[in-house]
Amino acid sequence: MSVVAVAHGPDLRLIGLEDAGHEGPASKRIITGYGFWIFLLSDIVMFSCFFAAYAVLQGQTAGGPSGAELFNLRNVAIETAFLLLSSFACGMASVAAEVRNHFWFQIAMAVTCLLGLGFLAIEFREFADLIARGAGPSRSAFLSAFFTLVGCHGAHVSLGTLWLLTMMAQVFAKGFRADIQRRFLCFALFWHALDIIWVAIFSVVYLLGSAA
Amino acid sequence: MSDIHGSPNQADLAPGEDEVVSVKLRVFGYLVGLGLAILLTATSFFVAGTNLVWQPSIPVAIIVLAIAQMGVHLVFFLHITTGPDNTNNVLALAFGLLIVFLVIGGSLWIMSNLNHNMMPMDQIMQMQR
C-alpha cells in the first residue's frame, strides 16, 4: 500500500514525512471499524434524545403511577447481569475469532445469544405486566417516555440477536474470511455499545426512578 | 493484503481491536473488565437501596458510578484507549459526547427554566374561563 502512495504522491522522503506514520491508506478492517464506530456514536446521540425526553417528562405522571411504584429492582438486577455476562461472552467470541477457533467461537456466541434472549424475555414480561396493570404507554407522558426509551433499547437487542445468529451461520458456512471477520468486529462493537446504553438506562431510569 | 493485522507498519487500530497479544492476556483483559463492571453495578444497586449514606448524595453517586462503568466498558470491551493508534476513535467519541451533553443538558436547562417561569396549570385554566 505504501508503495502505491509514494508512487502517486510527492516523494515523502523529500518533504520529511517518511517517519510521520504516513504509510498510505489504512487497512480495510480499520476503515470498516471506524465507520461503524461513527454509526454507533450517532446511535448513542439518538438515545441521548430519548434520555432527554425521559428526564424532562419523568414527573409528568398525569395522576398515574410513578416509577417508584412500578419498577421491580430485582428484575432489573437480573436483566443487568444477563446483559453484562452476554457482553463478556461476546468478548470471548472475539478472542476465539481472532485465533480462528471454530468450536469456542460457536460456544461463546451461543452463550451470548441465550443471555440476550433471557434479557429480552424478562423485559417483555415486565412490559406485558405493566400494560396489564393499566400502566401502558398511553397512560401518561412519563410512561410514554419510559416505553420509548427502554423499548428502543429492547428493539436494538432484538435486532442484535438476529445479527448474532447470522454471524454464527456465516462463520459456520464460510469460515473466518477477512470480510466475515470485519462483520464480526462490527457486531461485537454493536453488542458492547448496547451494554453501555443499558448501564445508562438502569442507572437513570430504574435506580434514580425508584430512589426519587 | 492490507487485511493482515499486526504488521509492524500499522499505525492505526479499529475500535474494538487490541494490539496483538496472547489469548491468555486478552481473556484476562475481558475478565478484569467484567470484574470492575460487576463491582460498579453492585455498588450502584446497593447505594440505591440503602439508608447508610446521606440520602441527597444518592443520585449523584449513582450517576458517577454509571459514568465510571461506561468508561470501564469503553476501555476493556470496546478497547478505546488513549494510545496514539486510537486518536481517531477518541476524537469521534469526544465529538459524540459533546452532542450528547448538549442535547441532555440543554433540554433539562430549557425545560426547567420554562417550568420555573410558567404560571401553575390551575391558574392558566382559571384565566381561560
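**Exercise 1. Find out whether A:Arg100 is buried or exposed, and describe its backbone.**

*Solution.* A:Arg100 is exposed, because it has 11 other C-beta atoms within 10 Å. The rule is this: a residue is buried if 20 or more other C-beta atoms lie within 10 Å of its own, exposed if 12 or fewer, and partly exposed in between, with C-beta atoms placed from the backbone. Next, locate A:Arg100: it sits in the loop between α4 (73-98) and α5 (102-132) of chain A. Here helices (H or I, at least four residues) and strands (E, at least two) are DSSP runs, numbered from the N terminus. Finally, look at the backbone: A:Arg100 is not a glycine, yet its phi is positive, about 55°.

Before you go on, note that this is a predicted model, in which local features need pLDDT of at least 70 and side-chain atom pairs count only at pLDDT 80 or more, while totals for chains, interfaces and linings use all residues. Residues are numbered from 1 along each chain as its sequence is written, and chains are lettered from A and ligands numbered from 1 in the order in which they are written.

**Exercise 2. Describe how helices α6 and α7 of chain A pack.**

*Solution.* Two packed helices are described by the angle between their axes and the distance between the axes. For α6 (residues 141-174) and α7 (residues 178-211) of chain A, the angle is about 155° and the axes are 10 Å apart. That makes α6(A) roughly antiparallel to α7(A). Axes are lines fitted to C-alpha atoms, for helices over the stretch in contact, and angles run from 0 to 180 degrees between N-to-C directions; those under 35 degrees count as roughly parallel, over 145 as roughly antiparallel, 65 to 115 as roughly perpendicular and the rest as oblique. Last, sort the residues of this contact: 18 are nonpolar, four polar and two charged. In this sorting, Ala, Val, Leu, Ile, Met, Phe, Trp, Tyr, Cys and Pro count as nonpolar, Asp, Glu, Lys and Arg as charged, and the others, Gly among them, as polar.

**Exercise 3. Describe chain B and the side of it that touches chain A.**

*Solution.* First, the elements: chain B has four helices and zero strands. Of its 129 residues, 21% are buried. Now turn to the partner chain: 45 residues of chain B are in contact with 47 residues of chain A. Two residues are in contact if their C-beta atoms, placed from the backbone, lie within 7 Å. The elements giving two or more residues to this side of chain B are α1 (23-48), α2 and α3. The most comes from α3(B), with twelve residues. By class, the side has 28 nonpolar, 13 polar and four charged residues.
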